[in-house]
Amino acid sequence: MADMTFRDVGKSFGRTEVLRDVNLDVADGEFVVLVGPSGCGKSTLLRMIAGLEPISTGEFRIGGQLMNDVRPRDRDIAMVFQSYALYPHMSVERNMGFPMEIAKAPKAEREGPVRGAAETLGLTKLLDRLPRALSGGQRQRVAMGRAIVRDPVAFLFDEPLSNLDAALRVEMRLEIARLRKRLGTTTVYVTHDQVEAMTMADRIVVMEGGLIQQVGTPMELYDRPANAFVAGFIGSPKMNLLDGTPAEGGLRIGSAVWPAPPGTTTLGIRPEHLSLEPTGLPPLEAELTVIERLGSDTNLFCEVPGIGTVLARVPGNVDLSAGAPLSLSPRPDRLHPFDAQGVRTGG
């Protein structure tokens, strides 16, 4: 069993507290993504799982066994880093089998796991090559293959795709998703890219300032963010967060009053949930300033008097030009209310 539990886990470097009150359960075989901006503590938490950083407070367990003082080599965990960390003088085959070589496994015993991992990752024809003869995506697959050969109880990924171009990132996301489906191994994956988190995770852990802000499935976080930070971080393009003033019937946003629970000071609305057609709620009167045509969709950047820039995402074939007046109507069931501290209101 490779379930993981964190109970009141914290981490400090001297007087600087970088993680606190981490309480999290990761089920056996689950793919959990830690996501958040730079400096939020996600990579530090991953390194604590691996044993590369000591835990300052609390308890961390794998399969019920306390791991706080267990050495990294004894945790049976494989880690894939942002840098490929391949040995340049070794072939692909030897790079992948090196963990078993260090463990003194005979060459004949290494061949089966290496060949199996190579077949899984589409590297069979590249086993004799040196890393310098590989593309970035192929090198990352070799790094993943080296982790697979170890047959660990859990995989840890630390921003493995950040060095790849956009097309390769999409390709490697698919590779990792297929790999996870085949192996079913518990995986904790760190990224700052919420698109990676949304497309790969069973559950996402959103972090900010050393604290867990929310844990849930991708659609739970998208549909019901617990606070304004999660609302602005999850979703692409990000949610519009519109400050208003209390009014009879809800919150006044510009010239419109939209329904909101008591205590609400900000209403969030995702760009894809703003319509150019009436929705039953008063629209925001705006001027179109910038158009981004993306093919199937078009992003409309609009200026709303007293509010500022509001983004709407509409079908790609919309016939508009900069300077046009627009009425932006929100879907009534897609408004997200938050109080002055950024916490969701209304239960």
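Residues are numbered from 1 along each chain as its sequence is written. In this predicted model, local features need pLDDT of at least 70 and side-chain atom pairs count only at pLDDT 80 or more, while totals for chains, interfaces and linings use all residues, and side-chain values use heavy atoms, with hydrogens and water left out.

The chain is assigned domain 1 (4-223) and domain 2 (237-338), with bounds that come from an automatic or database domain assignment. The C-alpha centres of domain 1 and domain 2 lie 39 Å apart.

Strands (E, at least two residues) and helices (H or I, at least four) are DSSP runs numbered from the N terminus. Strand 7 (residues 154-158) is mostly covered, since five of its five residues are buried, where buried means under 20% relative accessible area, exposed means over 50%, and partly exposed lies in between (1.4 Å probe, protein chains only). In a regular strand the side chains alternate between the two faces of the sheet. Both faces of strand 7 are covered, with Ala 154, Leu 156 and Asp 158 buried on one side and Phe 155 and Phe 157 buried on the other.

|---|---|---|---|

Strand 7, helix 5 (residues 166-183) and strand 8 make a right-handed β-α-β unit; right-handed means that, with the strands pointing away from the viewer, the path from the first strand over the helix to the second runs clockwise.

An open sheet of three strands has the order 12-13-14, with antiparallel pairing. Strand 12 (245-247) and strand 14 (256-258) stand at the edges of this sheet, each with a single partner strand, so one side of each is left without a neighbour in the sheet.

Helix 3 (residues 107-121) has 15 residues and reaches 21 Å from its first C-alpha to its last, close to the expected 21 Å, a span given by 1.5 Å times one less than its number of residues. Arg 110, Val 114, Ala 117, Ala 118 and Leu 121 are buried in helix 3. Seen down the axis of helix 3, its buried residues fall within an arc of 100 degrees, so they line one face of the helix; the arc is that of the directions from the helix axis to the C-beta atoms. On the other side of helix 3, Ala 108 and Glu 119 are exposed.

How values were computed. Two strands pair if DSSP finds at least two bridges between them.
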